[in-house]
Amino acid sequence: MAAGSVITLLAGCASLTGGSDAEDEPIIVGTTSAPSALDPAGAWDGSWELFRNVYQTLLHFPSSSGTPAPDAAKSCAFTDNSSQVYRCELKEGLKFSSGRPLDAEAVKYSIERTVNIAAPLGPAQLLDSLDRVETSGDHTVVFHLKKSNATFPLILATPAASLVDPEVYPADKLRESEKVTASGPYELKSYRRGKESVLVKNTDYQGAAELKNDAVTIRYFQDSDRMMQALEKEEVDLTFRGLTPDHISAVREGEFGNKDVSLHDVVGTETRYLVFNPGLGAAGDAAVRQAIAQLVDRKALVREVHQRTVEPLYSMVPGGITGHTSAFFDEYGEPNQKKAEELLSAAGVSTPVEMTFSYTTERYGSATKAEFEEIQSQLNSTGLFSIEIEHKPTWDEFQSGVKEGEYEVFGRGWFPDFPDADNFIGPFVGSENAVGVPYEDAELTEELLPESRRQSDRAAAGSVLKEAQRILAEDARLIPLWQGRVYIAAHDEIAGIEWTIDSSTIMRVWELHRKASW
């Protein structure tokens, strides 16, 4: 911020680790990803960006590692050879922001309430392998699983396992409050829905995070252009989520209005995909879905819409994750209109097939509109389809439509819960899943996924999931489009950016700080 720079200069020879008034100013983050809920039992979406910074979990993902390490726990481990009994010892002296103790009973309560509430848009499904939770004394928690699940430690490191104060979070329903009572790195000082979260350092926090700042404000934007205008005018210090390809190119090429802004990027596992609802219209016809999979030109989408800032994706499991295959390319190859015609003709489908594709730009950014226009153009230009597209302006409206099963085909994005191939398949199948459309397949849910979860060697599990990827490609109930990188545009005075993104691509704002000046 301009005023802060003056203060820094006047402060004289500040040390490299800080000491100026400017460094005490709150870091301001701009994003298009606003929380849909403040209760961790009620959200399995981009709300986790906030949850990671205000709630604590037993385990966490250190730096860029995909191997969980203790946070609220002092130690955790399986105590059997079948990955069904998992024991954690808590640190002593933990407490919530209310001052009440965070003990073994509070951990048991937190996990059980998420499972029992089973909120329609909550993360209970991630904990579906849990049978029961036992405690021993104030510091020992033992998780008994219904079946082998070597990914359980990774799940405990996600915000799905956030720890909450039993005194203020009801056991049987979501907390209806704009307050957070937790034990994470920050306290939520104030919150304006869809506008702003003000975070201040939790001085009683006992965990793995080492805070490099005392306060962070997160401002939420519905429009990517407005967010970047705020960055240009120095109303925010950095932007995360929602940068369009034009924004990325402008900053990268030095064409952005503020020359003190730089672009930072890391390999990401964010994905975009189409979801088909078999209960509505032509989406229930496998030949129609397969024909669309045969026609979608991912390379054109990446080139024309995203200006090569993302990569084509041919599996629900992205590149860089152990076990990734190119299942959709293996099944369909390059876009081919003749093959699509043959699929529809063999199934007796009359053309053009009329369908409606739904999407939202909130949370996913303004480029989503151009993306759906490109897909519409690709399909309609063949004469085989007549696609209409509809935009839902708010995330709440979009999610409501998903929940009620109103959309024939819709676009979704996935930011992984944890960096494992299982997490790019398991959440999307079963009677209740992350996309709100039941996907019943016994081979997936009763054979392949359970087999993968018996493998403590996750590389071996990846090979098991290759068959699951083949089935997903054949069914074409979910069609992957692209895999992204994580882009952050930030003023040059902001440091620590390279450490902010964990292995599940969630921002840990405690790593951010202002550079010292001489």
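I count two strands as paired if DSSP finds at least two bridges between them. I am working from a predicted model.

**Entry: strand E14 and its partners**

I started with strand E14, residues 353-359. I asked how many bridges join E14 to strand E15. There are 7, and the two strands run parallel. E15 covers residues 385-391.

Next I looked up strand E16, residues 409-414. E14 is joined to E16 by 2 bridges, and this pair also runs parallel. Here the bridge partner of Phe357 is Val409 in E16.

I then checked the handedness of the connection. E14, helix H11 and E15 make a right-handed β-α-β unit. H11 spans residues 367-380.

Is E14 mostly covered or mostly uncovered? I find it mostly covered, with 5 of its 7 residues buried.

Thr351 and Pro352 are joined by a cis peptide bond, with omega at about 0 degrees. I noted it because most peptide bonds are trans. Pro352 sits in the loop between helix H10 (337-346) and E14.

**Entry: the disulfide**

How many disulfides does the structure hold? I find 1. Cys76 and Cys88 form it, with their sulfur atoms 2.1 Å apart. The torsion about the S-S bond is about 115 degrees, so I record the disulfide as right-handed. Cys76 belongs to strand E4 (residues 73-78) and Cys88 to strand E5 (residues 85-90). The two cysteines are 12 residues apart. Both Cys76 and Cys88 are buried.

I stayed with this region and read the loop between E4 and E5, where Ser83 lies. Phi of Ser83 is near 55 degrees, a positive value in a residue other than glycine. Most residues other than glycine have a negative phi. Ser83 has a relative accessible area of 8%, so it counts as buried.

Thr505 is in the loop between strand E18 (494-495) and strand E19 (513-514). Is Thr505 buried or exposed? It is buried, with a relative accessible area of 2%.

I turned to helix H7, residues 286-295. Why do I call H7 largely enclosed by the rest of the structure? Because 9 of its 10 residues are buried. Among them are Val288, Arg289, Gln290 and Ile292.

I also looked at how the helix begins. Asp285 caps the N-terminal end of H7. A side-chain oxygen of Asp285 lies 2.9 Å from the backbone nitrogen of Ala287.

Within H7 I picked out Ala291. Ala291 is buried, with a relative accessible area of 0%. Which residues does Ala291 touch, not counting residues up to four places away in sequence? I list Ala340, Leu343, Leu344 and Phe385.

**Entry: Asn258**

I found Asn258 in the loop between helix H6 (245-252) and strand E12 (261-276). Its relative accessible area is 8%, so Asn258 is buried. A polar atom of its side chain lies 2.9 Å from the backbone nitrogen of Asp260. Leaving aside neighbours within four places in sequence, I see Asn258 in contact with Leu231, Glu232, Glu234 and His491.

**Entry: the whole protein**

Last, I took the overall figures. The protein has 14 helices and 19 strands. Its C-alpha trace spans about 75 × 60 × 40 Å along the principal axes. A compact globule of 518 residues would have a radius of gyration near 24 Å, and the protein's 23 Å agrees with that. Buried residues make up 58% of the 518.

Technical notes
Residues are numbered from 1 along each chain as its sequence is written. This is a predicted model: local features need pLDDT of at least 70, side-chain atom pairs count only at pLDDT 80 or more; totals for chains, interfaces and linings use all residues. Side-chain values use heavy atoms; hydrogens and water are left out. Buried means under 20% relative accessible area, exposed over 50%, partly exposed in between (1.4 Å probe, protein chains only). Helices (H or I, at least four residues) and strands (E, at least two) are DSSP runs, numbered from the N terminus. A crossover is right-handed if, with the strands pointing away from the viewer, the path from the first strand over the helix to the second runs clockwise. A disulfide is a pair of cysteine sulfur atoms within 2.5 Å. A polar contact is a pair of N or O atoms within 3.5 Å; within protein, one must be able to donate a hydrogen and the other to accept it, and residues adjacent in sequence count only if both atoms are side-chain atoms. Contact means heavy atoms within 4.5 Å. The radius of gyration is taken over C-alpha atoms; the globule rule is 2.2 Å times the number of residues to the power 0.38.
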